[in-house]
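Reader: Please show me the model. I would like to go through strand pairing first, then helix packing.

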Amino acid sequence: MLAALNAHETERLLDVREGVDRGAVLRHMRRARYRRYTTIRCPSPAFDRAIEALDQAREKHERAARATQWDWRVACSLILLSVLALLIFGGPFVLLLAALVAAVTMITLAWRGSSAWTDLRQCLIAAGLGVGWLVQRIEVGACAARWGEELQEEGAKPVVADLVRHLLGDDPDSLFIPDAYEWGLRAPRSPGYIVENVARRQLEGKLSHLEDGTIAVCGPRGAGKTTLLEQCVEKAGFGVIVQAPATYAPHDFLLSLSVQLCEKYMRGQGYEPTSFARLSPARRLLRRVRLRAKRLSRWSSFAVPAAALVVLGLSAPVHSLYEQYTPSVADAVRNFTNAIRDDMKAIWHGHTVIASLTVTIAGIVWWRSRHAAWLPRILGRLWMRGIRPIGLLLACASAATILLDGQIRQQARHLHNTQPEGLYKAVAYVGVLLVVWWALRLARDSEAVLPLGRWRISLESIFRLPAALAGICLLLLLIDNPQTRSLVADPDNPLRLAGVIAGVLLSKAGDWRPQEEEPELVTRCRNHLYRLQTIQQATHGLTTGGTAQIMSLGTNHSASVSTVPPNYPELVAEFRDLLRCIAIERTEAHKTVVIAIDEVDRLGADTDALAFLREIKAILGVPLVHYLISVAEDVGAAFVRRGLPHRDATDSSLDDIIHVQPSTLSDSRTILAKRSKRLKDPHILLAHALSGGILRDLLRYGLQLRETQEKAQSYELTDISRHLILEELAETFAGFRTLLSKQQWTHDNNSVLASFRTLSSYLRDPCPCVEADVLRTLDHFAFYADGPQPHPVNASNSSHRPPDDPDLNSDARQLIDEASAYAYFSLTLLDIFSTEGLERRTQLAAEHGQDGDPERLSDARQELGISPYSARSLIDTIRKAWSLPLGPTPGSRIPASAVECSRHESRPASVR
């Protein structure tokens with residue numbers, strides 16, 4: 001039970017509500033019914049069978065012990081002591097002889113039917129059954145341990161968790177106990193928390209069915225259109241995403257898109273785009289030289305000492321090898337060159353006609369193959385496939401000469417005959433160290449990464465030092481050990497090492513590849529970048545003249561040529577042609593090309609977005625290219641009306657459209673559950689209702705729940721929701737007051753602004769002693785549907801009352817109606833979430849059908865963006881389903897009680 005209480009999910013719920021602590025849980029768990037329920041959850045047939053087998057073994061043992069007149073413990077102890085004494089003092093032979101004598105004696109006693117034989121036989125049987133009983137007892141202990149672990153995991157932990165939830169009372173899931181850090185909520189754009197939805201599946205389906213085309217992605221701002229485009233571009237074989245400028249110029253937009261296209265393609269092919277820095281050519285050259293010199297100095301600091309040490313160590317054997325084989329090699333080369341010279345003389349003098357024809361044809365073929373790719377390809381394959389085996393063969397042959405060296409074999413045989421144990425021990429040590437060193441090198445070079453919480457630890461950093469230490473220990477063992485030192489000190493070993501090094505270098509040379517020629521498309525992209533980002537100017541001059549002592553005559557001619565920036569039609573043509581070539585290449589590699597244009601919906605009105613589509617229509621429709629354009633809902637509405645009398649740029653610009661709808665409650669559960677383990681269903685329902693299913697607002701409210709919990713210093717949803725809803729209402733009223741300030745006001749109706757300011761200030765930082773007054777005023781404002789004015793909190797002071805019927809214009813009246821509808825929606829959320837028993841009331845509301853579905857709260861929030869009047873009607877149906885009043889309530893929503901306030905003196909909360 002203590003382990004179950006110490007479980008993280010259970011321990012964090014203790015001491016949250018009154019009466020739910022460790023002692024209370026332990027008292028309940030000690031009751032018989034909870035113990036019985038815990039054991040019933042974990043049946044243990046194996047343990048029961050082991051107990052039954054233990055009882056049977058004990059019963060047999062006791063029956064055998066009662067069948068003899070001797071004490072089986074004493075008899076078996078004497079026999080065991082006798083065996084040990086004979087083994088210790090007489091040895092195995094005496095023990096065997098005594099066993100034969102005892103066997104003959106037992107046979108004789110059994111043949112005569114002696115009672116001694118019967119008693120001795122029963123003692124031995126009792127001892128054997130006792131050993132069996134002991135083994136069975138061990139088995140029972142093992143089964144009990146396994147059952148105890150199962151009982152803890154499958155019995156005690158779930159029962160204790162259910163008991164804690166039962167002691168918490170109503171709505172245990174409404175408790176919000178956040179962790180120290182919520183990674184998913186603090187990083188809303190992190191790709192690791194992306195959840196697949198209907199819009200993404202629809203878009204991927206359309207991309208797979210269309211060879212090319214333009215697809216618009218429309219939806220409300222914050223619904224996830226940008227994330228959808230980024231995911232499609234990332235999944236595509238080649239993709240570019242650009243942001244539409246708020247104040248666009250088609251030429252500049254296409255110029256930026258062309259630059260990004262070229263740079264993305266060049267980087268994808270492994271070529272770095274040219275950086276046009278604002279430095280003089282001399283300074284760029286000096287910086288490049290300085291960087292190269294720095295790299296060369298670092299490389300030289302390792303290469304020069306290493307080469308010097310290798311040359312110093314191998315100079316003697318290489319010099320001896322050179323002196324030994326130089327004469328014979330020189331003679332062979334001399335004979336070969338003489339033979340070639342004689343053949344060339346014979347061809348030159350016309351003595352060999354066939355050779356002359358062959359050489360002539362070979363020259364013609366060589367000239368004609370200057371543009372063919374087969375010859376370099378054959379030479380490259382011969383180099384790659386031939387040089388590596390030659391190098392490995394040289395290295396292996398040099399190392400294998402150790403086995404053929406007669407002196408080493410004779411020395412090893414001498415050590416085997418004189419010091420066999422030392423030789424075997426040295427070979428074992430060397431073998432173990434060699435295996436350890438090789439294993440550590442493999443682990444170091446594996447490039448694997450070990451995940452450890454938030455960190456990623458590379459195995460190279462872990463095993464680099466151990467591998468080096470193992471190699472040093474192996475080398476020291478070979479040098480210091482007397483048995484191996486004589487073998488290592490063989491005079492021919494430096495020459496063998498030189499052969500191994502030469503073979504390894506040859507095999508490494510097989511990895512060399514000549515630098516490939518820059519692809520044609522990369523060259524086109526580079527030239528296009530030069531054309532777009534630079535103005536090239538060339539000046540040519542010619543000076544002629546003559547000089548004399550008295551006079552000088554001459555002429556000077558110069559011409560200057562500069563490039564002209566491409567105009568819009570030329571830029572469109574070059575962009576389409578380049579993109580078409582890239583798309584053909586990517587399609588041949590079975591990859592798709594996606595160009596995504598985001599943030600078109602931020603251009604302003606729908607007329608601006610449609611004008612933008614008309615301007616960039618020239619770059620759309622490139623074969624094998626998919627265009628994705630994020631647009632506002634009104635542009636999508638214009639497209640779906642195609643074929644009707646209404647026609648605009650969407651008819652010819654777009655091929656299809658994807659609607660990104662706000663998240664449903666099920667989608668919101670999936671999204672927030674993946675980002676936070678502490679947000680339960682009531683919290684998700686509150687965030688979903690406040691956000692209206694808009695993804696960006698959903699994540700914002702999910703994080704704001706944690707911030708509000710810290711402010712409220714409470715884990716209860718009733719307190720957290722009250723603070724959060726009132727805070728959001730205060731910010732909304734402040735925005736409405738800003739909009740109302742732009743209207744024309746008179747002395748008769750300016751009290752509306754004062755009322756908004758007073759209510760907003762109290763809502764933003766509500767004081768506990770006036771919270772009932774705030775809610776009462778909010779109640780009147782929310783239900784005053786004919787253009788209400790918010791009464792100030794200090795309603796008793798008539799000087800702060802607005803006039804009963806102020807003369808307001810239509811715009812001001814519309815704003816106040818919208819504010820009243822939003823207050824009505826916020827008041828509904830307060831009535832639902834700030835009252836205890838949310839789970840029970842949710843089930844009762846669900847019995848009223850669709851109006852009681854929690855999803856309707858999100859629908860009401862979305863309806864507020866369309867019309868305050870239709871939203872008020874929808875909220876009325878929701879309140880009916882939740883059994884909430886449809887008018888101002890006569891009593892306060894907070895019971896009157898003495899409220900301790902740190903700002904004012906303690907006073908009872910007012911009652912209406």
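Reader: Which residue of β7 is the bridge partner of Ile241?
Author: This is a predicted model, where local features need pLDDT of at least 70, side-chain atom pairs count only at pLDDT 80 or more, and totals for chains, interfaces and linings use all residues. Numbering starts from 1 along each chain as its sequence is written, and side-chain values use heavy atoms, without hydrogens and water. Strands here are DSSP runs (E, at least two residues; helices are H or I, at least four), numbered from the N terminus. In β7, Ile241 has as its bridge partner Ala596.

Reader: How many bridges join β2 to β7?
Author: Strands pair if DSSP finds at least two bridges between them. Strand β2 (residues 238-243) and β7 run parallel, and the bridges joining them number six.

Reader: Which residue of β8 is the bridge partner of Ile595?
Author: β7 also pairs with strand β8 (residues 625-631), in the parallel sense, over five bridges. There, the partner of Ile595 is Tyr627.

Reader: Are Val593, Ile595 and Ile597 buried or exposed?
Author: Buried means under 20% relative accessible area, exposed over 50%, partly exposed in between (1.4 Å probe, protein chains only). These three point one way from β7, while Val594, Ala596 and Asp598 point the other way. Both groups are buried.

Reader: At what angle do α27 and α28 pack?
Author: Axes are lines fitted to C-alpha atoms, for helices over the stretch in contact, and angles run from 0 to 180 degrees between N-to-C directions. The axes of α27 (residues 695-712) and α28 (residues 717-740) lie 9 Å apart, and the packing angle is about 115 degrees.
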